[in-house]
Amino acid sequence: MDNAHYANILEDVASLLEIKGSNRFRVRAFENAAQTLSRLSDSVESYLEEDELESISGIGDSIAEDIRQIHETGTCEARTELLDELEPGLLDLLDLQGLGPKRIATLYETLDIASIEALREAAETGRIQELDGFGPKTQDNILSEIERLADRSGRTPLPAAHRIARSFRDRLVDHDAVDRLEIAGSLRRGRTTIGDIDLLVATDTPEDVADVFVEAPDIDDVMLRGKAKVSARLIDDTQVDLRLVDPDVFGAALHYFTGSKQHHVQLRTRAKQAGYKISEYGVFEQENEDEPVAARTEQEVFEALDLDYIPPELREGIGEIEAAARGDLPDLIEPADVRGDLHMHTTASDGSASIREMAEAARDWGLDYIAITDHSQAVTVANGLTPERLESHMEAIDEVDEAISGIEVLTGLEVDILEDGELDMDHDLLAACDWVVGSIHMQLDLEPEAMTDRLLRPLETDLLSSIGHPTGRILGGRDGYEYDEETVLETAAEHDVAMELNGSEGRLDLDADRARRAHEQGVELVLGSDAHSTGGFEALQWAVQQARRAWLTTDDLVNTRSPDDLLGASA
DNA sequence: GCCGTTTTCGGCCCGACTGTTTTCAGTCG
């Protein structure tokens with residue numbers, strides 16, 4: 001059972017308790033525990049084995065017992081009893097924006113509504129607006145929310161969300177009324193998928209900025225508009241929130257709107273203990289709420305709380321505040337630290353540019369070296385290389401390397417790891433390559449045991465330099481394949497095989513949590529653009545951001561080394 | 001339900017916006 005399962009069960013308990021009207025701090029305890037488990041860098045199972053659940057902050061005797069029950073039975077008594085008392089369909093209703101536990105409780109108690117279908121029928125027959133505290137507007141909103149939920153596309157992958165955010169930024173940033181503009185929210189923190197896009201604008205005339213914003217052509221519906229906040233839904237169903245703040249408090253607001261929620265809860269609790277109050281308007285002394293002690297910049301905000309500056313990627317409430325207090329934050333990798341890219345394709349397989357074109361584009365991007373890693377023959381749809389073609393391809397790569405200046409071009413291959421763990425290429429050719437990425441592209445639905453063996457076998461050949469996109473997940477598409485992560489990482493560390501942080505649009509694989517675990521197990525990490533065109537190097541920035549979310553420094557990543565160090569280390 | 005460089009009891013983050021209301025509850029992030 002993975003951590004997400006434990007978190008989901010506890011989240012259900014929290015939601016059901018809330019609908020039932022239980023003590024809100026008890027509800028929060030379950031919410032908090034669920035959050036903590038889902039962001040844990042080690043597995044819940046490992047805490048269970050060591051009998052150390054209670055050592056996790058936010059897990060006490062009672063929730064630890066619930067977790068043990070989930071381990072034994074898949075669920076816990078608390079949840080079972082609540083579901084007996086209430087109804088499972090109530091949990092679905094919480095997915096509707098604008099409907100929270102209080103109103104759901106009212107609907108359940110007065111109209112016996114416990115499913116989306118029952119809610120739709122009650123709204124369509126006009127029974128909702130008759131209830132106390134509800135009205136025609138609420139009833140309409142419920143109906144349109146049900147419709148939206150039915151065809152919602154879910155969360156937007158980070159790179160796509162960035163494109164949307166940048167288009168709004170470009171439209172607004174040069175306007176006279178805009179003093180400063182930043183993209184905030186989970187996008188700034190670099191989460192792999194984005195629920196909604198947050199834009200923060202410093203301005204003295206918020207109305208003017210709002211006027212420009214709502215005129216954007218891709219806005220379908222302006223859902224709310226106040227002096228400080230405008231929310232709009234785009235044609236593609238993405239939600240964009242525009243926050244309008246006074247320039248004097250921009251730093252405090254940027255910190256506030258960057259989140260995460262967990263980070264804020266922890267930071268405010270800490271501030272309160274030290275006699276301060278934090279809001280989006282600044283850090284205030286509890287006795288003096290008129291004049292903030294910090295507000296202009298994020299640096300000031302952290303300084304006022306006696307903390308080192310915490311980069312946005314770390315603000316997830318998973319120990320960054322404690323580390324900042326100790327002066328112990330990692331010196332995170334920066335985009336400029338990346339010297340090489342070790343995963344890309346050319347026209348020899350399914351890329352759209354030649355070796356030379358890719359090399360020139362990489363040089364323009366500021367890289368010192370690249371490895372050309374086209375597909376092997378098993379990937380027929382991508383025109384994968386046979387041994388004969390690889391031999392001549394390697395010669396062509398060497399020729400470009402000789403002819404071009406300012407960048408080193410290494411020979412390589414993205415070799416398929418076949419169903420039985422065999423590598424899809426002659427071993428002597430693999431040994432002759434500078435860099436070999438081993439990847440799985442087919443037969444993704446093996447049992448975890450078989451998938452584990454499939455990965456262990458090639459690792460033990462010592463022919464691989466890295467494992468490409470190690471889980472195979474597609475954002476908004478399929479989940480990754482399952483295998484025994486701990487054993488695979490252990491073996492990778494033993495055989496000096498790096499795990500990839502693949503930055504390509506739909507993958508971002510490994511994700512930050514897995515990358516952090518890999519690092520903690522002594523496995524090296526390598527950034528890969530998986531570029532299929534000269535524009536594909538942009539993916540490196542997403543890979544860097546995920547590496548930052550994984551608390552990684554320059555030393556932890558293979559790509560920051562010189563080519564000599566790299567090849568010496570991998571030989 | 002959890003937690004403690006004030007605490008093993010008494011607290012637990014903060015403010016904006018909407019839709020319903022004659023002053024505010026509910027929801028969201």
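Ile183 stands opposite Leu199 of strand β4 in this predicted model. The two strands concerned, β2 (residues 180-183) and β4, pair in the antiparallel sense over 4 bridges. Strand β4 also pairs with β7 (residues 239-245), here in the parallel sense and over 7 bridges.

In general terms, strands of a sheet pair through backbone hydrogen bonds, in either a parallel or an antiparallel arrangement.

A further sheet is open and consists of 7 strands in the order β10-β11-β12-β13-β14-β15-β16, with parallel pairing. Its edges are formed by β10 (340-341) and β16 (525-528); each has a single partner strand, so one side of each is left without a neighbour in the sheet. For β10, strand β11 (residues 369-375) is joined to it in parallel by 2 bridges. One residue pair can be named here: Gly340 has Tyr369 in β11 as its bridge partner.

| Strand pair | Sense | Bridges |
|---|---|---|
| β2 (residues 180-183) and β4 | antiparallel | 4 bridges |
| β4 and β7 (residues 239-245) | parallel | 7 bridges |
| β10 and β11 (residues 369-375) | parallel | 2 bridges |

Helix packing is represented by α10 (residues 158-172) and α23 (residues 539-549), whose axes come within 11 Å and cross at roughly 110 degrees. Angles of 65 to 115 degrees count as roughly perpendicular, and α10 and α23 are therefore roughly perpendicular to each other. The crossing of α10 and α23 is right-handed. On the α10 side, the contact involves Leu158, Pro159, His162 and Arg166, which meet Trp542, Gln545 and Gln546 of α23.

Turning to the cysteines, a search of the whole structure finds 0 disulfides. Cys76 has a relative accessibility of 1% and counts as buried, because buried means under 20% relative accessible area. Cys433, at 9% relative accessibility, likewise counts as buried.

Terms used. Residues are numbered from 1 along each chain as its sequence is written. Chains are lettered from A and ligands numbered from 1 in the order in which they are written. This is a predicted model: local features need pLDDT of at least 70, side-chain atom pairs count only at pLDDT 80 or more; totals for chains, interfaces and linings use all residues. Side-chain values use heavy atoms; hydrogens and water are left out. Two strands pair if DSSP finds at least two bridges between them. A disulfide is a pair of cysteine sulfur atoms within 2.5 Å. Buried means under 20% relative accessible area, exposed over 50%, partly exposed in between (1.4 Å probe, protein chains only). Axes are lines fitted to C-alpha atoms, for helices over the stretch in contact, and angles run from 0 to 180 degrees between N-to-C directions. Angles under 35 degrees count as roughly parallel, over 145 as roughly antiparallel, 65 to 115 as roughly perpendicular and the rest as oblique. A crossing is left-handed if the near helix is turned anticlockwise from the far one by less than a right angle, and right-handed if clockwise. Contact means heavy atoms within 4.5 Å.
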